[in-house]
Amino acid sequence: MTVLVTGGAGYIGSHTVLALLDAGEPVVVVDNLSTGSPDALPRHVPLLVQDIGDEAMMAGIIRSYGVDVIIHLAGSVVVQDSVRDPLAYYRNNTVAAHGLLSAAVRCKVKHFVFSSTAAVYGNPAQLPVPETAATDPQSPYGASKLIVERMLQDVAAAHSMRYVILRYFNVAGADPDGRAGLSAANATHLIKIAVELATGQRSQMDIFGTDYPTPDGTCIRDFVHVSDLAQVHRIAVSHLARGGRSAILNCGYGRGYSVLEVLACVRKLSRKDFTIRHAERRPGDIVAMVADVRRIRSELGWVPQHDDLNAMIADALAWENKLVALRNLRKDSAASA
Ligand code: UFG
């Protein structure tokens, strides 16, 4: 069974490729390298540098590699950027998915796994939030993903395709064996920024809002380890191959940590007592977001292996230290050349 992974050279994509390879699945990656890097992938994995919205090109790739299932992760993911430039998000996430789905239909691909987001819920009325909750995205990013969810469901009904839609909560950490991690520059994610600070790559960071109606006044998130999330994709592929039904599934652990709790954990593990400025609330931030995870456990039988904030942050720190060491090595060899 050959799996096409779009966005496979990115953060979640590269971990997903490793999970598939570890399970012996043949993989082909399409990535336009706008944020991903070929270095994120083992050398033997076919990498086609290509926009996924080009229907004819994608149909050619699906046919020539004999693709049976598509895991679609390629897209733009920064909420604030989507507010500034909504059309870029509708183009990269929604219009591009239309091209990819058209190619999938043309080539009769029957199984499709789509990377969606908890941002489709907006401010949830109940916590933990179940998949049946009303969707009300507060950003073009969330809306651009929700439209694809709907498009995929309609396409699946019309063309006897089956799908798994994964709504990611806050993804963090790095491969515990140090094979992959979050390398992209200009990260906006809390844990990435905090470990950059702890490893001396930043001089400061802000906490956006300390007056929220939560126990310590900061926002609450459900952090999921990227390697667990990668396994979810692999299990979703097996679920579809076994004839499993289509599903929309939350991907989190069902437990929330506050921004302050996360930062305390980074301080403890890094043994660095960095200072953090208290700043204004970041526009559009949701107060608290925690997944109801009963459905993913029952539909996929998923048993997380890394449900531990300490381990997640330790893996993120180890990866960050590796990036710093690599950068220093490059500088040294450039200086001595
Ligand atoms: N935060 C800070 N300082 C920082 C960065 C973040 O205080 O420097 C805070 C944010 O204000 C927020 C929390 O940390 O309260 C988490 O922020 P992130 O940017 O790490 O993540 P978000 O919850 O905003 O967004 C994430 C994903 C989105 C996804 C969303 C779904 O990045 O792609 O979860 O809930 F849509």
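L190, I191, A194, V195 and A198 in helix α6 are in contact with V259, V262, L263, V266 and S270 in helix α8, where contact means heavy atoms within 4.5 Å. The contact residues divide into 9 nonpolar, 1 polar and no charged. This is a predicted model in which local features need pLDDT of at least 70, side-chain atom pairs count only at pLDDT 80 or more, and totals for chains, interfaces and linings use all residues. Residues are numbered from 1 along each chain as its sequence is written, and side-chain values use heavy atoms, with hydrogens and water left out.

**Helix packing**
- Helix α6 spans residues 190–198 and helix α8 residues 259–270; helices are DSSP runs (H or I, at least four residues) and strands are E runs of at least two, numbered from the N terminus.
- The two helices pack at about 35 degrees, and their axes lie 10 Å apart; axes are lines fitted to C-alpha atoms over the stretch in contact, and angles run from 0 to 180 degrees between N-to-C directions.
- The crossing of α6 and α8 is right-handed, meaning that the near helix is turned clockwise from the far one by less than a right angle.

**Strand β6 and its neighbours**
- In strand β6 (residues 162–168), 6 of 7 residues are buried, that is, under 20% relative accessible area (1.4 Å probe, protein chains only).
- Strand β5 (residues 111–117) runs parallel to β6 and is joined to it by 7 bridges; pairing requires at least two DSSP bridges.
- F114 has I165 in β6 as its bridge partner.
- Strand β11 (residues 247–251) is also parallel to β6, with 5 bridges between them.
- Y168 stands opposite C251 in β11.

Note on methods: Nonpolar A, V, L, I, M, F, W, Y, C, P; charged D, E, K, R; others polar. Buried < 20%, exposed > 50% of the residue type's maximum accessible area, 1.4 Å probe, protein only.
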